[in-house]
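Hi everyone, thanks for coming. Let me put the structure up, and then I'll walk you through it.

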Amino acid sequence: MRALIATLAASVTLLGCAPSTTSVFTSVADDAARRTGHRLDWRPEDAQEGLPGVDLARGLARELSSGLTIEGAVRLALRNAPALQVELEQLASAQGAYSQAVAPTNPELHGSVLFHGEGHGTPGVHLDVTMDVLSFVMQATSRRGADAGLEVSRVRALSAFVRLVAEVRLAMLDLLTAERVLEKRTAIVELTSTTADLSSRMRVVGNNTVAEDLNQRAVALQARLDGEAAQAVVLRARLVVERLIGLTGEATVWKTRGGEVPPDRAAGVNRSAGAFERQVVERSLSLDERRAEVQLAAANVDRTQLHRFLPQLGLGVAVEREGDAEMDLGPAFSLTLPIFNLGSGAVDASAAQLRRSQQALTAAAIELRAEARRLWVEAEVSRRRFEAVRDELVPLRTAALEEAQKAYNGMLIGAFALVDMKVAALSAEIALSEALRDAAAAEVRVEAARQGLVLRQDGAASHPGPAETSNPSSSGAGH
Amino acid sequence: MTPTRRDFLSATAAASGLLGSILKTGLAQAGPAPGRPGPRKVLHAPNGSVDQGRRVGRVRVFHLVAEPVTWEVAPGLVLDVWGYNGRTPGPVLEMTRGERVRIYVTNHLPESTSVHWHGMIVPNGMDGVAGLTQRPIPPGATWRYEFVVPDAGTFMYHPHFDEMTQMAMGMMGMIVVREPNEPRPDRDYCYMINEWSVKPGTRKPDPGAMSDFNVLTLNGKVFPGTEPMVAAVGERVRVRFGNLGAMDHHPIHFHGLSLQVTATDGGPVPLSARQPETTTLVPVGTVRVVEMVPSEPGDWPVHCHMTHHVMTQMGHGLPNLLGVDPGGTEAGLQRHLPEFMAMGHTGMGGMGEMNMAVPENSLPMKGAAGPFSYIDMGGMFTVLAVRARLEGDAPLGWYQHPEGSVARPATHEELAADGVAVISQAP
Ligand SMILES: [Cu+2]
């Protein structure tokens with residue numbers, strides 16, 4: 001009896017130890033800050049409103065009016081992105097489920113009142129209170145399972161956070177680059193429309209052929225189409241940013257700030273492939289999730305093994321009083337007899353699940369290492385390409401343009417050939433912007449991997465392939 | 001350079017010491033204004049050199065060194081060419097009919113060569129045609145030609161091995177043979193004409209060119225690199241032209257006088273066959289010797305009359321903008337090309353004068369400042385400076401025109417007096 005009371009007391013104590021929603025959130029927020037340098041902001045109150053709060057709207061307006069930088073957009077997204085709040089509520093929900101899972105089963109009271117025949121006096125009463133003893137014995141196991149469940153939610157919330165930071169950065173890189181490309185394309189449009197004008201003026205006074213004039217007009221038109229395509233790329237890139245941040249209505253009137261993507265975003269951190277690979281594995285959120293799944297499966301194995309021989313055991317107190325007689329008191333118990341179902345199927349299944357989750361963890365770790373090396377290689381390759389375009393291609397094109405200007409001065413080439421060289425120089429600058437974007441995007445992916453998340457290459461944050469915009473031959477220069 | 005050759009060259013310079021001083025003066029001057037009068041009755045190759053060899057016993061000995069040369073055709077354009085004795089054309093070889101000459105030829109070229117004595121009737125084995133009359137002279141070798149000079153006249157020398165490359169690269173020179181004790185004209189000038197294909201901004205003539213010759217030279221120079229000729233009124237002036245260019249004949253035109261062709265590389269033109277001219281055509285592979293007696297003082301142009309031959313490194317195939325109203329196109333292009341300037345809408349005069357940056361080592365459209373304004377011509381253009389008297393050896397400078405003898409704007413009064421109606425008069 002005394003043992004029973006002690007067990008009850010212990011379970012109450014354990015209940016008191018279950019983490020609160022706030023503390024779970026704080027631990028996730030701390031982890032997020034450690035990984036990304038950004039704070040996580042849980043705002044359950046926004047759920048009722050369905051719209052950003054007043055303070056938030058003011059912050060948004062201020063941030064948007066001064067123009068969005070890459071990190072400004074990240075801050076805004078973390079405060080405002082609805083998708084992130086969805087994951088955080090998922091975490092809150094998981095925490096609730098955790099408390100439920102580690103709570104002991106409540107005592108059961110069975111009772112009966114027996115009325116004797118007419119005039120036979122006080123009715124007989126039978127009561128027994130039993131508790132599922134197994135829930136106490138299984139406390140540790142349940143806790144391990146619940147821990148694992150909560151861990152999965154925690155990891156998912158963190159992943160959503162890291163993903164959002166990375167995706168906003170990628171989207172801003174796309175947008176800033178698209179805007180620079182549009183500037184160059186606009187310059188090409190102005191140049192080629194001017195040479196088309198010159199050509200038509202030549203045509204008027206009989207100095208060039210219809211074919212030559214048609215060609216200049218076609219060159220100008222091609223440039224204009226390319227310019228409009230560049231404009232569309234900017235609009236699409238804005239929409240991605242707006243979706244990630246959660247900007248709607250009036251909030252979609254905004255501009256970027258700072259112009260070019262800062263070149264230091266393409267600067268690779270001094271690191272070796274091996275060190276980076278280790279770091280990615282150590283901090284991987286997906287491996288954390290796999291480990292939690294292993295824990296969950298292991299807890300399940302313990303549970304099924306115990307339940308195999310003792311599916312159910314209740315212990316308690318029975319009280320009986322017959323009429324006016326003294327109350328009788330004695331122990332009560334109930335148990336399920338494992339006669340027909342020995343639970344071996346459930347045990348085999350859970351053991352297989354455990355092995356499966358262990359294999360999945362190993363497979364994921366191997367794949368993660370490969371992914372880490374891929375990210376490292378891509379960052380190196382794209383950074384080298386950016387440096388080559390910046391240090392070699394652009395200076396070459398600039399020097400060639402200077403020489404073309406001198407040749408024009410000496411009447412060795414004409415205005416059309418000079419403009420062709422200028423267009424080629426602008427195309428090199430477009431290639432530079434795009435190479436910078438690719439290198440910076442590779443760095444964002446590397447950074448995300450170091451924060452625990454390997455982004456899928458074909459994910460929502462991926463950018464349009466360089467073939468669409470960087471090919472100088474599609475510039476309409478008419479070389 | 002071997003000591004032998006240096007000795008040889010200094011001997012050459014001593015033999016024609018006056019040339020050295022004229023050359024130096026020409027190089028020191030920035031403009032093309034006429035230089036010093038120089039001595040009379042001697043052979044002079046403007047911008048060039050005359051080599052009389054040296055006597056060894058009864059033989060006149062010459063030494064030609066075929067070699068790569070760095071050559072300035074005019075300030076701003078230096079070429080890597082091939083020549084003889086450090087220049088292109090090589091020195092004028094001056095000799096006398098009837099004497100025995102021995103000509104050593106050292107080959108410092110990367111390929112074999114030979115020397116042919118164009119127009120001279122020498123023994124067949126001395127004719128210098130590789131393969132036909134001799135074996136080629138290999139690189140590094142020195143060969144000997146020797147013959148008795150058969151005729152007086154003006155001749156040329158050039159390789160007859162890989163002719164296209166070696167002449168396109170500048171391997172050529174003139175030969176002047178005098179009669180013993182012949183009477184000499186007061187002024188005796190000698191020119192070798194050549195043409196080159198040099199892409200603006202490059203240094204090496206293209207030996208494969210067949211039509212795009214854009215550097216047209218008199219004694220290896222284009223105006224304003226050409227040294228003017230000088231004569232006094234009433235002096236007899238002889239000018240010898242030899243053309244060893246690849247493809248083009250040149251109608252050489254003299255302003256301010258009448259001339260006659262007195263000889264070719266085939267010999268003297270009989271008096272009965274001479275006719276007055278102001279232009280003489282010098283076809284490829286020929287010599288034309290003209291004589292004249294200037295009567296009018298002044299700075300008189302002498303130039304090829306093919307207009308493209310008085311342009312240096314002119315661009316071709318450009319959009320024709322003549323008469324086109326540029327409208328807003330100039331400003332439109334300047335937004336993205338700040339140095340852009342609309343050109344050619346009214347013509348191309350004075351383009352060289354603007355001194356805009358052009359490709360390095362090139363002279364596109366370049367002429368030079370004249371006494372009145374910019375001279376748009378380049379290429380085969382020089383000046384015959386005729387003065388009433390030539391005294392001393394002071395630099396002549398530009399001709400000073402007598403008061404009232406230079407074209408000027410007409411006044412309103414003059415126009416009215418002569419009944420010439422003009423809508424407006426430019427300032
Ligand atoms: Cu000519």
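This is a predicted model: local features need pLDDT of at least 70, side-chain atom pairs count only at pLDDT 80 or more; totals for chains, interfaces and linings use all residues.

Residues are numbered from 1 along each chain as its sequence is written, chains are lettered from A and ligands numbered from 1 in the order written, and side-chain values use heavy atoms, leaving out hydrogens and water.

So, the interface. On chain A, 28 residues are in contact with 36 residues of chain B, contact being heavy atoms within 4.5 Å. About 2600 Å² is buried between the two chains, 70% of it from carbon and sulfur atoms; that is accessible area (1.4 Å probe) lost on putting the two parts together, summed over both. N409(A), M411(A) and L412(A) supply 26% of what chain A buries against chain B, more than any other three residues.

Two salt bridges are counted between the chains, each needing a Lys or Arg side-chain nitrogen within 4 Å of an Asp or Glu carboxyl oxygen. E190(A) forms one with R335(B), with the closest N and O atoms 3.3 Å apart.

Now the copper ion. What coordinates it? H250(B) through ND1, C304(B) through SG and H309(B) through ND1, at 1.9 to 2.1 Å. Donors here are N, O and S atoms within 2.8 Å of the metal (3.2 Å for Na, K and Ca), and water is not among the atoms, so sites may look incomplete. Their spacing along the chain is H-x53-C-x4-H.

C304(B) counts as buried because its relative accessibility is 1%, and H309(B) is buried too, at 8%; the cut-off is under 20% relative accessible area (1.4 Å probe, protein chains only).

Conventions: Buried means under 20% relative accessible area, exposed over 50%, partly exposed in between (1.4 Å probe, protein chains only).
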